[in-house]
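I opened my notebook to look up a few things in this model.

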Amino acid sequence: MAAARGAPRFFLPFSLLLLASPSSPLVQAAGAGSCRGEPGLRTGESRDSETCGLTLQLEHSFELDDSIQFKKRGTLLWNMTPDSSLSLSQKQLTEEERNKLREVATEGGLYRVRIPRRPLGSTEESGVEYVTSFVRACSMVESHLSDRLTVHTDVAGNIIGLSVVTIPGSCHGAEVEDVDLELFNTTILLQQPIPAAVPETAAFIERMEQEQAQKAKNPQEQKSFFAKYWMYIIPIVLFLMMSGAPDAGGQGGGNGGSAGGGGR
């Protein structure tokens with residue numbers, strides 16, 4: 001399903017074009033505002049004409065001489081939906097491929113996978129770039145071709161990495177029947193960055209402006225406690241001062257009389 005240069009382009013009905021939002025980062029990264037198959041697709045990737053998604057070719061390599069010769073393993077479809085779901089269709093290993101994978105595993109070789117990536121602003125003439133990952137071939141054999149592929153993207157929706165792990169991922173030299181190496185059992189995941197929390201600056205400024213406007217309408221609220229209630233505070237203070245003065249005079253007179261009596 002890889003799209004070669006000069007391949008015919010597909011045009012979708014208007015109803016299907018509405019499924020892809022123009023603001024979708026994946027659509028923008030492809031250099032197109034809708035799923036029409038415009039220029040911007042690279043070797044190894046194409047548009048799916050029915051689901052309005054991005055199709056990427058998954059390739060693998062496992063060689064006895066440790067050389068790297070990638071061949072098609074399957075097709076990865078990236079659906080243009082808000083959930084950005086991924087699906088994968090894979091071909092069955094031939095008998096020759098199964099035997100070679102066993103030999104590579106015995107020799108301690110590697111099993112490699114890759115998919116094409118599309119750097120922001122890339123064009124067909126700029127060449128093909130890939131993201132690659134690998135595991136030990138023996139773990140691929142002993143897991144019965146059970147692996148998990150994770151496609152990593154940046155905030156703009158561009159593919160920046162690929163990781164593969166086998167389940168389980170150990171090598172113990174266990175015997176594996178030939179029938180267990182025919183079909184892949186793959187889980188495909190899409191790992192997108194989680195946006196960091198953004199301070200609610202606009203809401204805070206709006207709240208402050210509302211408080212300032214409220215204070216401007218009610219100047220009384222800006223006065224201090226004494227400025228608001230001085231007419232109550234001053235009488236109380238004067239009353240306390242006046243009620244305390246006679247007591248102090250009476251105590252002074254009494255003390256003087258006592259002192260006079262003692263003199264006689």
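I looked for the largest cavity in this predicted model, and its volume came out at about 40 Å³. I found two cavities of 30 Å³ or more in the structure.

Next I listed the lining of the largest cavity: His 60, Ser 61, Phe 62, Glu 63, Gln 69, Lys 71, Glu 97 and Lys 100. Strand 2 (53-61) and helix 3 (95-106) are the elements that each give two or more residues to that lining. I sorted the lining residues into one nonpolar, three polar and four charged.

Then I turned to the largest nonpolar core, which has 30 residues. Among those touching the most other members are Leu 101, Tyr 111 and Ile 159. Helix 4 gives the largest share of this core, four residues. I also checked Ile 159: leaving aside neighbours within four places in sequence, its contacts include Leu 56, Trp 78, Ile 115 and Val 151.

On to salt bridges: my search of the whole structure turned up four. In one of them, Glu 59 meets Arg 114 at 2.6 Å, N to O. That pair links strand 2 to strand 5, 55 residues apart. Buried or exposed, I wondered about Glu 59? Glu 59 counts as buried because its relative accessibility is 10%, under the 20% cut-off.

Two lining residues turned up again: Lys 100 and Glu 63 form a salt bridge, with the closest N and O atoms 3.4 Å apart. Lys 100 is in helix 3 and Glu 63 in the loop between strand 2 and strand 3, so this pair ties together parts 37 residues apart in sequence.

Last, I noted Arg 73 with Asp 147, at 2.9 Å between the closest N and O atoms. Both Arg 73 and Asp 147 are buried.

Technical notes: Residues are numbered from 1 along each chain as its sequence is written. This is a predicted model: local features need pLDDT of at least 70, side-chain atom pairs count only at pLDDT 80 or more; totals for chains, interfaces and linings use all residues. Side-chain values use heavy atoms; hydrogens and water are left out. On a 1 Å grid over the protein atoms alone, a cavity is a set of points where a 1.4 Å probe fits but cannot get out, and a pocket is an open set with protein on both sides within 12 Å along at least five of seven lines; lining residues have an atom within 4 Å of a point. Grid points are joined across faces, edges and corners, and a volume is the space filled by probe spheres set on the points. Ala, Val, Leu, Ile, Met, Phe, Trp, Tyr, Cys and Pro count as nonpolar, Asp, Glu, Lys and Arg as charged, and the others, Gly among them, as polar. A nonpolar core is a set of buried Ala, Val, Leu, Ile, Met, Phe, Trp, Tyr and Cys residues joined through side-chain atoms within 4.5 Å. Buried means under 20% relative accessible area, exposed over 50%, partly exposed in between (1.4 Å probe, protein chains only). Contact means heavy atoms within 4.5 Å. A salt bridge is a side-chain nitrogen of Lys or Arg within 4 Å of a carboxyl oxygen of Asp or Glu.
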